[in-house]
Amino acid sequence: MSKVKYYYDPDTLSYRKIEPKKSRRYRNIAFFILGSFFFGLLALILLMNTNLINTPQELSLQREVNNYELQFELLNRKMGQIEEVLNNIEDRDNNIYRLYFEANPIPEEQRRAGFGGVNRYKSLEGFNNSEMVIATTKRLDIIKKQMAIQSKSLDEITDLAAEKEKLLMAIPAIQPVRNEDLKHMASGYGWRTDPFTKARKMHRGMDFSAKKGTPIYATGDGKVKRADNNSSGYGKHIRIDHGYGYMTLYGHMSEYNVKRGQKVRRGDLIGFVGSTGRSEGPHVHYEVWKDEERINPINFYYGSLTAKEFENMLKHAQQENQSLD
């Protein structure tokens with residue numbers, strides 16, 4: 001109920017009721033309706049930016065969005081851990097594995113290279129969390145590329161290791177005759193007196209004196225290239241091709257235990273000591289060839305001798321005595 005207003009009339013000395021004009025009444029009604037509309041609109045805007053009037057479906061979707069944001073955060077933490085482990089593997093790959101196998105390290109710019117060309121992430125643009133999703137996806141793609149490069153590198157290292165193992169097994173690294181079977185190391189590599197002409201002559205191998213029939217062993221993995229008596233002076237002899245430019249020769253044998261074309265491993269029995277060919281007594285004349293040049297075998301006995309035994313052999317090998325062939 002509206003409040004009634006009065007005014008004092010001095011002519012009649014009485015109070016009279018104020019009658020509002022109709023135009024003013026309509027104006028007040030209009031102001032009221034307009035004000036109510038604006039206040040209602042403002043209230044609606046405020047409510048829409050709060051959870052007070054969200055539907056259950058909207059609330060469920062918001063919880064789902066929050067959960068996805070949490071999952072992205074956890075994913076980024078895990079990617080950080082993966083990157084740390086991957087960086088450690090890459091460091092060992094470049095500075096240990098590849099260094100050991102004499103392979104060139106993989107350049108850092110190749111490991112960290114991005115993706116050129118078209119925008120790979122265009123489909124992820126235009127959403128509320130596009131920036132976070134694109135950054136995470138890019139990071140994941142880079143990790144995947146790094147892992148692919150590292151996997152390929154480790155495959156290469158595996159191949160290099162296998163090849164290195166083959167090389168190490170191929171290099172002649174033991175004596176052709178066991179120490180317990182030796183009478184003595186008769187003559188070394190260098191200038192020696194020829195047993196037949198008594199002239200000073202270059203002796204390009206080592207003579208291991210042992211009784212006839214003493215076993216002779218392959219000093220490295222390889223393939224028998226020759227097992228015959230068709231080379232002047234060597235008598236019955238065997239030549240083994242070890243690959244990588246290495247070949248060994250075993251001369252003056254009494255018998256063969258292998259044949260031409262046969263594959264042998266280091267330590268395999270290949271024949272027996274004799275005195276065939278140009279020989280003054282039972283022994284094995286042993287030579288090491290590298291790239292078709294005869295070199296001193298004294299440098300290749302790291303696989304069968306102790307330091308003391310090697311020192312003793314070196315002492316005898318350096319003596320300019322008479323050879324046995």
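Start with D291, found in the loop between β14 and β15, the latter covering residues 293–295. This is a predicted model, so treat every stop as a look at a prediction. D291 is exposed, with a relative accessible area of 52%; the cut-off for exposed is over 50%. Now check its backbone. D291 is not a glycine, yet its phi is positive, about 50°. Most residues other than glycine have a negative phi.

**Another positive phi**

Select H252 next. Its place is in the loop between β10 and β11. H252 also has a positive phi, about 65°, and is not a glycine. Is H252 buried or exposed? At 1% relative accessibility, H252 counts as buried, because buried means under 20%.

Select β9, residues 237–243. This strand is mostly covered, with 5 of its 7 residues buried.

G245 is partly exposed, at 32% relative accessible area. From G245, draw a distance to E293. The C-alpha atoms are 9.5 Å apart, while the sequence separation is 48 residues.

**The other side of the pairing**

Strands of a sheet pair through backbone hydrogen bonds, either parallel or antiparallel.

Which residue in β9 stands opposite K223? Pick D241. Then look from D241 towards β10, where its bridge partner is M247. Show K223 and D241 together, then D241 with M247. In a regular strand the side chains alternate between the two faces of the sheet.

**The three-stranded sheet**

Hide those strands and select β7, β13 and β11. These 3 strands form an open sheet in the order β7-β13-β11, with antiparallel pairing. The edge strands are β7 (215–217) and β11 (253–256), and each pairs on one side only. Turn the view to follow the twist, which averages 35° from one strand to the next.

Zoom in on β7 and β13. They pair in the antiparallel sense over 3 bridges. Select P215 and look across to β13: its bridge partner there is F272.

**The nonpolar core**

Switch to side chains. Which residues have the most contacts inside the largest nonpolar core? Select F208, Y250 and I270. This core has 28 residues. Now colour the elements that give two or more residues to it: β6 (206–209), β9, β10, β13 (269–273), β14 (283–290) and α5 (307–317). The largest share, 3 residues, comes from β14. In soluble globular proteins, nonpolar side chains tend to be buried together.

**The helix pair**

Move to the helices. Select α2, residues 56–100, and α4, residues 130–170. Two packed helices are described by the angle between their axes and the distance between the axes. Here the angle is about 25° and the axes are 10 Å apart. That makes α2 roughly parallel to α4, because angles under 35 degrees count as roughly parallel. α2 passes α4 in a left-handed crossing.

Now show the side chains at the contact of α2 with α4. By class, there are 14 nonpolar, 7 polar and 8 charged residues.

**Last stop**

Select S123. Its place is in the loop between α3 (108–111) and α4. Is S123 buried or exposed? At 60% relative accessibility, S123 counts as exposed. Finish with one more distance, from S123 to I134. Their C-alpha atoms are 9.6 Å apart in space, and the residues are 11 apart in sequence.

Key: Residues numbered from 1 in each chain as written. Predicted model: local features only at pLDDT ≥ 70, side-chain atom pairs only at ≥ 80, totals over all residues. Heavy atoms only, no water. Buried < 20%, exposed > 50% of the residue type's maximum accessible area, 1.4 Å probe, protein only. Helix = DSSP H or I, 4+ residues; strand = E, 2+ residues; numbered from the N terminus. Pairing = 2+ DSSP bridges. Axes fitted to C-alpha atoms, helices over the stretch in contact; angles between N-to-C directions. Parallel < 35°, antiparallel > 145°, perpendicular 65-115°, else oblique. Left-handed = near helix turned anticlockwise from the far one by under 90°. Nonpolar A, V, L, I, M, F, W, Y, C, P; charged D, E, K, R; others polar. Core = buried A, V, L, I, M, F, W, Y, C linked by side-chain atoms within 4.5 Å.
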